[in-house]
Amino acid sequence: MVSASAYVPAIVLLPFVSFIVALFGRDNLPKRGAYGGIAATAGSLALSLWVLVSVRNGAAFQETYYTWATGVGSQPWGLTFGALIDPLSALMLVIVSLVAMLVHIFSLGYMNDEDERDLPRYYAGLGLFTASMLGFVIADNLLMAFMFFELVGLCSYLLIGFHFREPGPPSAAKKAFLVTRFGDYFFLVGVVAVFTTFGTAAFAGTESFPALAEAALNGEATVWTPGGLEVSTWFTIVGLLILGGVIGKSAQFPLHTWLPDAMEGPTPVSALIHAATMVAAGVYLVARMYGFYVLSPTTMAIIAFVGGFTALFAATMGVVKRELKQVLAYSTISQYGYMMLALGSGGYVAAVFHLTTHAFFKALLFLGAGSVIIAMHHNEDMWDMGGLKDKMPVTYWTFLAGSLALAGIFPFAGFWSKDEILYEALIHGLDEPLILGAYVMGLLAVPVTAFYTFRMVFLTFHGEPRSSLARDPHPVRWNVKGPLSVLGVLAVVTGGINMVPVQKVLGIEGIDYLHLWLDNHWGGIEGLSSHHYAELNPYSSQYLFGGEVSTVLAGAAVSLGLALGGLALAWALYNVADPAEHTDKLGGLKALLYNNYYQDEFQVWVADNTRAVAGSADTFDQGVIDGVVNGVSSVSLLSSERIRRIQSGVVSNYALLLTLGLTTLLVVFGLIGGWF
Amino acid sequence: MVPPEYYLVLSAAIFCIGLFGILTRRNALYFLMSAELMLNAAVINLVAFSFQWGNLTGQTFALFVIALAAAEVAVGIGIVLVLYRNFGEIDVLNADSMRW
Amino acid sequence: MSWLAIGALALVGIAIPLAMIVVSALLRPAVPESGKKTTYESGEIPTGSGRVQLNIQYYMVALLFVVFDIETVMVFPWAVMYRSALEAGVPLSQALLPLLAFIGILVVGLVWAWRVGAVQWTRSIRAATQKTERQNT
Amino acid sequence: MSLLLQGTATDWVFSVRALLPVVLLALTGLVVFGINSLRPDGRDNKLLALTSIAGTLSALGVAIWYLLAGTGQPTHGGAISLFSGAIIVDGLGLFFTAIFTSVATLVIAASYDYFETDANPASFYSLLLLATTAMGLMAVSNSLATVFVSLEMASLPSYALVAYLKDNRGSVEAGLKYFLIGAVSSAVLAFGISLVYAATGSLLLPDIAAQIGSVGDLNGVLGVGIVMVAGGVAFKTASVPFHFWAPEAYEGAPAPVSAFLSSASKAAGFAVGFRVFATAFQPALDIGIDWGLLFGILAVVTMVLGNFAAATQTEVKRMLAYSSIGHAGYALIGLAAITAGASATNATVMGAAMAHLFVYGFMNTGAFLFIAMVERWGVGRTFEDYAGLAERAPMASLAMAVFMFSLAGLPLFGGFLSKYVLFLGAINAGFWWLAAVGAVTSALSLFYYSRVVKALWLEDATTDLDAIGDAPTGLYAAVIVAGVVTVLLLPGFGPVIETAEAAAAALFA
């Protein structure tokens, strides 16, 4: 039998071929490139599933395909391309190719049926985007990962700016590109530092950099450090440098500003970016080289804290947004914050779990939003919607499933993964104040998430239509409903792959499939198992209420309670016929339901105050964070203006400056060298 | 015999005079002459130290420097000519349309 | 010590003209008038601009002269060592050939310059009018 | 293949064979003169261009053949020393010759269209060929005398090339500035050489290295001399503070000439700098003449100035001119990271700088040639004028996007790997601060490079682009070839870096 490993490059190459075909085939293609893209991604999906199955049968492997260059000199280094197929990458391959295929199908409805022009360029971009993300996933070394990471960024630039004739998209594309690129430069320096330190950038094997780092910390190996720096300090610095790229791509505070702007791109692209490709790349990278990160407690704590903070910070901003996609954008930032929190607090499996469930329900929500946007003739303002529930039932029910998952309501997928993250953060955080702080922020974000999610759901689908568009929505076809249904099912059931709480509470062994999967239960690559990571991680577990089971139950109860609370608040405020006139309506009711009046009054007060907090978070975001980003660029541009004035255009001045420069050099080096 | 340091001082002085000319003159031709002066400072060094070290390398190279100086003048005059044709004068300060 | 006399001479040499200029500047009356500022043209009243534009051909010939002047400089060291080199048994391929190649390259350049008209004395209309203008003034 | 290795250094046939790439270039230049002399009034643009390309291509072919055959390299008997050691044919020389001839080929192909209406293109081709010849000599010079002579031989045609458009005020002004700064710089270089000679009594690079240990009191003279020689190198490579000519010369010159100067001429300056400082001046590091630090400072200032000044330019060509200065700063890392005695890391970082110059030769030449095409169309010079060009010229615009992203160091093109290896080498040699400045300025560079791509692809035309009807064959071919090579240098980077590092290692052995 042919082994799946021989076909791994094809997983990457198929979408790449569709990119080439779309690029050169232009308008001669059926559906202008869509079918090619669907076929390619379907092929990738099939191969990925095959790979998944063969990994399940113990066929994890690492293979080098191509060597770019080998260096001579004191420290030989090799730049190679290869594939690392282990449980983690096999799982991710399936997620990426599945979401990519669904997005391609959905695009038939969103782009082709809407008569967008220039579609071959769109499908070419999607193909390249998918290919580069898949290439990133299989990368077996940091340099290859970096190159595909960059390619992902470039594709996002091309796709976000797809509607380049409008004013918004080009600048949003540029912002996305430059902000993530800003983080990537730290990443680049980090890659170079890894090479210099270890002489290799491989992820797996005894000669890989996580393994060497571990050995170096145990004193079993020596590595280069700049200026004789303490090994652990240097590892922390390197880890943080690479984290720069992660923060940029995964839109963590403070480099998250590009992501809401990136909503200017076509909605299917947003789905792809948020669920499976670009943003997921950052978190995946941390998971990929987790063996390195767990060695540095400082880095871990920073990751956890940034994650927790981002989760809360972005969630509060989601509360005040008017546009459907804006809400989803902030929810993405927030959810990736959770994943970072999980990674930082030692919850490797929890992070991958949430990455998986989030990929499905966020793709679902974006595609659902796309469906709504089609129906609303590309109006995205939620205050113009309302009452779409009956007119588009498929969209409504799937969207609802996604929202329940996002809000973390039992038993939808998001509940299980988010609960496990919070649980990990809690048990590891009881000794670590920083982790505990991150946990608290993550917990606080739960009701906020539920609140804004259901505010969105209620405003969009419930109540009375608030505009003529909403009264007569544009119908959507199978190519929209199909992907929605697939994802809707997944959003409901994905939680089943990792029933850890159930296992712990009821004592049923063997239903925590994801744990077993990532723990090389069915075979994997030595040194890349969650078990190994758990041994390395710097935390100890503490339990509340005298035991594991009670801690699990208490944690789940608290987070579910908070989520339900948020949901209830949203219900009360927005699940009404006409939420905008909420307060006026109260006057008629007060004689009849006096007590309810107080209750409503209280709710209004809560709403106003949440609004104030969220609003100030939003202001902070727009003013300070954006301001700093803009500030850096304006300072650069200002200094650029100053620096170029040196070139006065008068050749005598040049001669003078040249002489002065030379004289200065002569004097300085004469003094240093003692020539006089 | 004159000590070699004196030649160094002499050549440095000539070099600085040439440099001074370049910094103060606006006329392209003077600019050119000043640069030649600087080259001649190098030639003085080469010849003097060729004598000092007892090998002919410096003297031979001095001939090359002189030759190249002449070639440089040839090209320079050509450029000054087209400068005059385009700008109507040979003031180097006037050619400042490109800057920043 | 022999330098001392030269130094003293140099000092005196510089001091005397300076002193003369200073003394005359102190003694003479200052009566500025325009006639004093005009260019001295042997008693004639100066007319027109002091700048004369020469025909560009002068420069072309001058440039060619400079180029072939260099040739002499380069040939000079060769001439100095040629006889001794031959006597030392250096074959002609090393003693003569490089110089012939050098001159050959120069000849190619000269022929080219000649053929494209660099040494041709053009009679352009502009040059002719300029000439008449100069004669009329 | 190793027939070249037989023969004595005094045999002139042997010398010609060893210097065959340079000789071929010189002969082609003379042939172009000859053709023009035979038919002074015939405008044989095509014949002249084809002759010139044949010359540069054959020189390129020979250089690559020698590189592959191991001529002058440690595996086949080591460097070939000619003319009493004044010329040395080795891997470094051949590597750089390959860069010059590739760039010259592209530039000549582009010039065929650019100077289509020129009255006498023969002088252009011959000047270009002679400048390339001189650059080839610069790369094999092993004596300060040949260094100076060949550097001047390269500079003089360059001045004329910059001022080639005699009726264009910009071109003339550029030529004037280039020439005046060049005259000052060559005087500084000559004075520096004379001081080095005064201190060591020799002009041959290995002899200088041998003498440096015993200069005694004259180390001050030597130090001033070395700094001045560094100034000469800085002029040729357009590094601060000798860079002032570059923005104007690149902006004012005809675009093919800008391409030639900013790629080949810069590389030639580095060829000289690498050889002179690695061979002759390395022992000076031990006696208080820290030219490594000098180049470190120059590299930092050059990177910062070039990239910052480029950020707010309004004209694409001038932006590229400044970016070219910035790239000189990157390549200077190859000199700055040299430390006494550490021959392995020295070779790594210098080889990386050479490989970067190689890749740079293609991507930067291509970018300037794209501008040549735009100039030929008469579209305009500012970013706004470039808006929407992708609609009219998609292939060329795609190539331009490749050049821009490659120059910025995006990891899809050759420019990424070379910059990456360069920074890696710098960190390996302990100069992490150089790599850090390089990374920060690269980050900034993406800003202004992406402006071009944005204008080309993401903006609607502001001007009437109907003039862009024709597709000039030579220009298009040159741009596309440069683009393809830039892309191919990503998978094909291995041989380049290996050759470069081997050549650099031979220098430090």
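Residues 30-49 of chain B are 100% helix and 0% strand in this predicted model.

Residues 6-27 of chain C are 100% helix and 0% strand. Their end C-alpha atoms lie 32 Å apart. Residues 92-114 of chain C are 96% helix and 0% strand, with 31 Å between the end C-alpha atoms.

For chain D, the UniProt record (unreviewed entry) gives a domain, "NADH:quinone oxidoreductase/Mrp antiporter transmembrane", over residues 141-445. This span is 78% helix and 0% strand in the model. Its end C-alpha atoms are 34 Å apart.

Confidence was examined next. The model scores ipTM 0.87 and pTM 0.76. Chain D has a mean pLDDT of 88, and 96% of its residues reach 70 or more. Residues 1-5 of chain D stay under 50. For this stretch the model has eight contacts beyond four places in sequence.

Chain D touches chain A through 57 of its own residues, which meet 53 residues of chain A. Seven helices of chain D each supply at least two residues to this side: α7 (169-200), α9 (219-237), α12 (291-311), α14 (343-377), α17 (414-428), α18 (432-458) and α20 (493-508). The most comes from α18(D), with twelve residues. By class, the chain D side holds 39 nonpolar, twelve polar and six charged residues.

Chain D also meets chain B. This contact takes 37 residues from chain B and 33 residues from chain D. On the chain B side, α1 (4-24), α2 (28-53) and α3 (57-87) give two or more residues each. The helix that gives the most is α3(B), with 16 residues. The chain B side divides into 27 nonpolar, nine polar and one charged residues.

Helix packing was then examined within chain D. Two packed helices are described by the angle between their axes and the distance between the axes. Helix α3 (residues 45-69) and helix α4 (residues 91-114) of chain D have axes that come within 8 Å and cross at roughly 160 degrees. That angle makes α3(D) roughly antiparallel to α4(D), since angles over 145 degrees count as such. The crossing of α3(D) and α4(D) is left-handed. Residues of α3(D) in this contact include N45(D), A49(D), S52(D), I53(D) and T56(D). Among those they meet in α4(D) are G91(D), L94(D), F95(D), T97(D) and A98(D). Further along, the contact includes I64(D), Y66(D) and L67(D) of α3(D), and I108(D), A109(D) and Y112(D) of α4(D). The contact residues divide into 16 nonpolar, eight polar and no charged.

A helix pair in chain A was described in the same terms. The axes of α13 (residues 297-318) and α14 (residues 324-344) of chain A come within 7 Å. They cross at roughly 160 degrees. Therefore α13(A) and α14(A) are roughly antiparallel to each other. The crossing of α13(A) past α14(A) is left-handed. This contact has 17 nonpolar, eight polar and no charged residues.

Two backbone features of chain D remain. Most residues other than glycine have a negative phi, and most peptide bonds are trans. The peptide bond from V240(D) to P241(D) is cis, with omega near 0 degrees. P241(D) sits in the loop between α9 and α10 (245-252) of chain D. F83(D) has a positive phi, near 50 degrees, and is a residue other than glycine. F83(D) lies in the loop between β1 (80-82) and β2 (87-89) of chain D.

Methods. Residues numbered from 1 in each chain as written. Chains lettered and ligands numbered in written order. Predicted model: local features only at pLDDT ≥ 70, side-chain atom pairs only at ≥ 80, totals over all residues. pLDDT = per-residue confidence, 0-100. Contact = placed C-beta atoms within 7 Å. Helix = DSSP H or I, 4+ residues; strand = E, 2+ residues; numbered from the N terminus. Nonpolar A, V, L, I, M, F, W, Y, C, P; charged D, E, K, R; others polar. Axes fitted to C-alpha atoms, helices over the stretch in contact; angles between N-to-C directions. Parallel < 35°, antiparallel > 145°, perpendicular 65-115°, else oblique. Left-handed = near helix turned anticlockwise from the far one by under 90°. UniProt positions renumbered as here; feature names shortened; annotations may be inferred.
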